[in-house]
Amino acid sequence: METVDNLLERWSGRELAIGAADNAGAASADVVVIATPWDGATQTAGSVADKLRGKVVVSMANALTRIGKEFQPLVPPRGSVAASVQAEVPDCLVAAALHHVPAKELGDLTEPIESDVLICSDHRSAVEITNEIVGKIPNMRPLDAGELAMATPIESFTAVLLQLNLHYKTRVAVKLTGIPEAKIAAERAASAAAARNAAASAAGAGAAKDGAAKSDGKAKSAANDRQPKDATPA
Ligand SMILES: NC(=O)c1ccc[n+]([C@@H]2O[C@H](COP(=O)([O-])OP(=O)(O)OC[C@H]3O[C@@H](n4cnc5c(N)ncnc54)[C@H](OP(=O)(O)O)[C@@H]3O)[C@@H](O)[C@H]2O)c1
């Protein structure tokens, strides 16, 4: 509550639709972000599993430890925090994202953030919705980094960034070269359109009266809906 009050006071010129809630309340949102220390992420997701069913869950936790002056990546079960969360709640749609964005800059609504955000997921819709959210933050570029298996190197790479922060006494962010801006813009537009369609379908599903039909729809939406890029028809 105090955190929310502080945020509302800090950004009093803006209409922020935020409120305090416990984990169950937070998990009632349409899209849920898990931003706990890495060793609490899976348990936290599991504790609200019933509320996460069928939803996009953004995992931004990094499994790291510091030994002396060195940051070391840890390898959690299934290779990444994001994959552990997906295994804990199989019928939600985990997207791993935002691991490399410095918290201070992310929390400053007045300054654009010069940063790329690598997004990976086994669910096309999770990538699209995360892409749409990230794309709304000025100067941030959401990038589709592939399936959830990519969360392993993405999370581990954070140790390198923290090491650079320590060495150069700064807060680095990731910015990749060589990706055509037009492609990023097209992907962003497609994601925004898909997110709008998903919201419309969800509203339709919410209105459905047949409970059995609803649960069947959710099970389908949680299946791996990402097509292998190079797959050839059998
Ligand atoms: N800081 C960054 O710049 C940054 C950037 C990108 C990603 N991340 C990742 O985001 C995650 C959070 O980072 P942070 O710096 O915000 O960490 P933090 O301040 O230590 O933790 C965030 C919140 O997690 C809750 N929490 C603490 N221990 C928990 C546990 N065992 N189980 C469930 N919840 C717990 C706490 O909420 P309550 O106080 O309400 O208990 C705390 O306020 C980390 O995994 C980090 O790797 C951080």
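This report walks through the fold, the core, the ligand shell and a few loop residues of one protein.

The model is predicted, so local features need pLDDT of at least 70 and side-chain atom pairs count only at pLDDT 80 or more, while totals for chains, interfaces and linings use all residues. Residues are numbered from 1 along each chain as its sequence is written.

**Overall fold**

The protein has 10 helices and seven strands. Helices (H or I, at least four residues) and strands (E, at least two) are DSSP runs, numbered from the N terminus. Of the 234 residues, 31% count as buried. Buried means that 20 or more other C-beta atoms lie within 10 Å of the residue's own; exposed means 12 or fewer, and partly exposed lies in between, with C-beta atoms placed from the backbone. Two residues are in contact if their C-beta atoms, placed from the backbone, lie within 7 Å. Among contacts between residues at least 6 apart in sequence, 72% join residues at least 24 apart.

**Strands**

Two strands pair if DSSP finds at least two bridges between them.

| Strands | Sense | Bridges |
|---|---|---|
| Strand 2 (residues 56-59) and strand 5 | parallel | four bridges |
| Strand 5 and strand 6 | antiparallel | two bridges |
| Strand 6 (residues 115-121) and strand 7 | parallel | five bridges |

Strand 5 is covered on both faces: Leu93 and Ala95 are buried on one side, Val94 and Ala96 on the other. Its Leu93 stands opposite Val56. Ala95 has Ser121 of strand 6 as its bridge partner. Pro142 in strand 7 is the bridge partner of Val117. From strand 6 the chain crosses through helix 7 to strand 7, and this β-α-β crossover is right-handed. Right-handed means that, with the strands pointing away from the viewer, the path from the first strand over the helix to the second runs clockwise.

**The core**

Which residues touch the most other members of the largest nonpolar core? They are Val57, Val94, Ala95 and Ala97, in a core of 42 residues. Helix 7 (residues 124-135) gives the largest share of this core, five residues. A nonpolar core is a set of buried Ala, Val, Leu, Ile, Met, Phe, Trp, Tyr and Cys residues joined through C-beta atoms within 7 Å. In soluble globular proteins, nonpolar side chains tend to be buried together. Leaving out residues up to four places away in sequence, Ala95 touches Val56, Val58, Ile119, Ser121, Ala126, Val127 and Thr130.

**The ligand shell**

The ligand is surrounded by 14 residues, and the closest are Thr36, Gly40, Ala61, Asn62 and Ala103. A residue is near a molecule if its C-beta atom, placed from the backbone, lies within 6 Å of it. Helix 3 (residues 38-47) supplies the largest share of the shell, three residues.

**Loop residues**

Arg78 is not a glycine, yet its phi is positive, about 70 degrees. Arg78 lies in the loop between strand 4 (70-73) and helix 5 (81-88). It is partly exposed because 18 other C-beta atoms lie within 10 Å.

Leu98 also has a positive phi, near 70 degrees. Its loop runs between strand 5 (93-96) and helix 6 (103-106). Is Leu98 buried or exposed? Leu98 counts as buried, because it has 24 C-beta neighbours inside 10 Å.

His123 sits in the loop between strand 6 and helix 7. Residues it touches, beyond four places away in sequence, are Leu93, Asn224, Asp225 and Arg226.
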